[in-house]
Amino acid sequence: MKGQFPVDYVHLGRSGLKVSSLCLGTMNFGDVTDEHTSFQILDTALEVGINFIDTADVYGGPQSPDMKKGFGLSEEIIGRWMAKRGTRGDVILATKAYQPMGLGPNDRRLSALHIRRACEDSLRRLQTDHIDLYQMHHIDRATPWEEVWQAIELLVQQGKVIYVGSSNFAGWDIATAQAAAQRRMLMGLVAEQSLYNLATRTVELEVIPACRHYGLGIIPWSPLGGGLLGGVLRKAASGRRATPAMKQKIEHYRPQLEAYEALCADLGERPADVALAWLLHNPAVTAPLVGPRTVEQLTQGLRSAKITLSDDAMRCLDEIWPGPGGEAPQAYAW
């Protein structure tokens, strides 16, 4: 549904929850982006109709070796913004747990103890009584699903968590998680947050088919490939500095990047907008994560929600960035 805002509102997976078709990623808050600018970005996101905000307990670095600072800053900034602006009821708030939040052996991963502690700490930092989408930041194969779901079920019963998602799960992890949830008569996962962009399409093999089967919405992170798909050749030519790692990636992908940026020029669109639009054309995708460092970057990215890519353009993009060749096992069996 599209009204006065440039973004659509879509169901989060098979749930009845409606979220904006772009999700505001806040990993930069507290690190690259200061609190004042973070507030401006959050204000602008709400003004243009983005109601989906994603963070994680670990965001906000750089973390100190003793882990006494750097953690939780993104959540704290969002919490102060919601308290000051009175916006808690206007946003769908997502956060995550799994990553190390201390030096103790139980300050990480997905034990029932850590899930409970991590949720309480996130609620405190976010200054809220509930998390709309609580995501497991990574798979923990050392903890049985019976323990994970028992802990999360209690949080749901207490009203502290409404929906549950995963991040960085393999297809078989999603299937295993859902089977365990079904045994407990739980809804289970409604979303998976995966690395997915034109240059990195591995999830098309098994993760996306699993999500489609179980009704999970895909939330792609790094939709611009860490800047690779954001017009990196033009930026390099204009003298903008790149890290040694990015320079190495540019040389590795140079033929594809030249073809890609030429296609974007023919389309009359910015490469970053085409990369996001390509994801939005995938029915499995709920909302790509956009992680702006400035208000300008956020407003520029809204153009992607208005781009309609023709069949020819989609074929050209597949030729430039071919991916794994489809879904497993057809992609490699014959």
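**Pairing and salt bridges**

Modeller: The model is predicted. In strand β6, Leu133 is the bridge partner of Ala94.

Colleague: What makes β5 and β6 a pair of strands?

Modeller: A pair needs at least two bridges. Strand β5 (residues 92–97) and strand β6 (residues 131–136) have 4 bridges in the parallel sense, so they pair. They belong to an open sheet of 8 strands with parallel pairing, in the order β9-β8-β7-β6-β5-β4-β3-β10.

Colleague: Why are β9 and β10 called edge strands?

Modeller: Each of β9 (217–221) and β10 (289–290) pairs on one side only.

Colleague: How do you know that Arg109 and Asp140 form a salt bridge?

Modeller: The N to O distance between their side chains is 2.9 Å, and the cut-off is within 4 Å, so the contact counts.

Colleague: Why is Asp140 called buried, and Arg109 partly exposed?

Modeller: Buried means under 20% relative accessible area, and exposed means over 50%. Asp140 is at 5%, so it counts as buried. Arg109 is at 34%, so it falls in between and counts as partly exposed.

Colleague: What makes Arg303 and Glu269 a salt bridge, and which parts of the chain does the pair link?

Modeller: Their side chains meet at 2.5 Å, N to O, which is within 4 Å. The pair links the loop between α10 (295–301) and α11 (311–320), where Arg303 lies, to the loop between α8 (244–267) and α9 (271–280), where Glu269 lies.

Technical notes. Residues are numbered from 1 along each chain as its sequence is written. This is a predicted model: local features need pLDDT of at least 70, side-chain atom pairs count only at pLDDT 80 or more; totals for chains, interfaces and linings use all residues. Side-chain values use heavy atoms; hydrogens and water are left out. Helices (H or I, at least four residues) and strands (E, at least two) are DSSP runs, numbered from the N terminus. Buried means under 20% relative accessible area, exposed over 50%, partly exposed in between (1.4 Å probe, protein chains only).
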